[in-house]
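Hello,

Here is the structure I promised to pass on to you. Please open it alongside this note, and read on below for what turned up in it.

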Amino acid sequence: AAFAERGLPVLDQVCLEMNKPVPTKDTMVHCNLTFLGHVTGNYGPPCPSMTFAPLEVHHAELVNRTWRWGGQPKVLEFLQYLLKTFPSRCLYDKNGEPLAFAICQPWGEIAPICSIIPGRNYGSIVLRNISKAFQDAGEFPYGYIEIQLP
């Protein structure tokens, strides 16, 4: 979850009171909040053989393997819950294989966003597509962009 820097002393206090580990610089990731303004330009598939559709629950394993915060059984369980409950978008190739995806969190954030094939800009295309759907529904899409990706 994201937390403003000026609120870290309060977070530390609450963690101590709840007997939970206090976050350190090694366990936190610096990120910027990004509001996705009015989506313009192409938000459709980059070529006719590609399609957009939601991720299926069985794709949670793929997300768990590719997402920086994935890998644990509890994360897989959380991802399955997200895919059953909240909007997602995936760009599929002509064989129905995922190329990139974006998932909505319970609090409205669009994340994780992942491009399976780097360097093709597919993640940005999926982000524009799901953001346009949010805007068309009267929602205000947003996400967090990590300052230093691993």
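Let me start with Val10, which sits in helix α1 (residues 8-17). Helices (H or I, at least four residues) and strands (E, at least two) are DSSP runs, numbered from the N terminus. Together with Val14 and Met18, Val10 forms a nonpolar patch on the surface, and the three share about 270 Å² of accessible area. Such areas come from the Shrake-Rupley method with a 1.4 Å probe, and for residues only the protein chains shown count as cover. Patches are made of residues with over 30% relative accessible area and no salt bridge; like charges are joined within 9 Å, and nonpolar side chains (Val, Leu, Ile, Met, Phe, Trp, Tyr) within 5 Å. A salt bridge here is a side-chain nitrogen of Lys or Arg within 4 Å of a carboxyl oxygen of Asp or Glu. As background, an α-helix has 3.6 residues a turn, so residues three or four places apart point the same way.

Before going further, a word on where this comes from: it is a predicted model, in which local features need pLDDT of at least 70 and side-chain atom pairs count only at pLDDT 80 or more, while totals for chains, interfaces and linings use all residues. Residues are numbered from 1 along each chain as its sequence is written, and side-chain values use heavy atoms, with hydrogens and water left out.

**The chain as a whole**

The chain holds four helices and six strands, and along the sequence they follow the pattern α-β-β-α-α-β-β-β-α-β. Of its 150 residues, 35% count as buried; buried means under 20% relative accessible area, exposed over 50%, and partly exposed in between (1.4 Å probe, protein chains only). The chain exposes about 9700 Å², of which carbon and sulfur atoms supply 56%. Among contacts (heavy atoms within 4.5 Å) with a separation of 6 or more, 59% are between residues 24 or more positions apart.

**The strands**

How many residues of strand β3 (residues 88-92) are buried? Five of the five are, so β3 is largely enclosed by the rest of the structure. Both of its faces are covered, with Ser88, Cys90 and Tyr92 on one side and Arg89 and Leu91 on the other.

Two strands pair if DSSP finds at least two bridges between them. Strand β2 (residues 51-53) runs antiparallel to β3 and is joined to it by three bridges; Ala53 stands opposite Cys90 there. β3 also pairs with β4 in the antiparallel sense, over five bridges, and Leu91 has Ala100 in β4 as its bridge partner. The hairpin of β3 and β4 has five residues between the strands, and Gly96 in the turn has a positive phi of about 85 degrees.

Moving on, β4 (residues 98-104) and β5 (residues 110-115) pair in the antiparallel sense over four bridges. Cys104 has Ile110 in β5 as its bridge partner. This hairpin, too, has five residues between its strands, and Gly108 takes a positive phi near 100 degrees.

**Helix α4**

Helix α4 (residues 122-136) has 15 residues, which at 1.5 Å a residue should span 21 Å; its end C-alpha atoms are 21 Å apart, which agrees. The expected span is 1.5 Å times one less than the number of residues. Buried residues of α4 include Tyr122, Ile125, Val126, Ile130 and Phe134, and the elements that cover its buried residues include β2, β3, β4 and β5. After α4 comes Gly138, with a positive phi near 85 degrees.

**Backbone details to look at**

Most residues other than glycine have a negative phi, and most peptide bonds are trans. Against that background, the peptide bond from Ala111 to Pro112 is cis, with omega near 5 degrees, and Pro112 lies in strand β5. Asn19 has a positive phi near 60 degrees; it is in the loop between α1 and β1 (31-35) and is exposed, with a relative accessible area of 71%. Asn121 has a positive phi near 70 degrees. Asn121 is in the loop between β5 and α4 and counts as partly exposed, at 46% relative accessibility.

Lastly, Gly71 is in the loop between α2 (60-66) and α3 (73-85). At 52% relative accessibility, Gly71 counts as exposed, and its C-alpha atom is separated by 8.8 Å from that of Glu61, ten residues apart along the chain.

Best wishes
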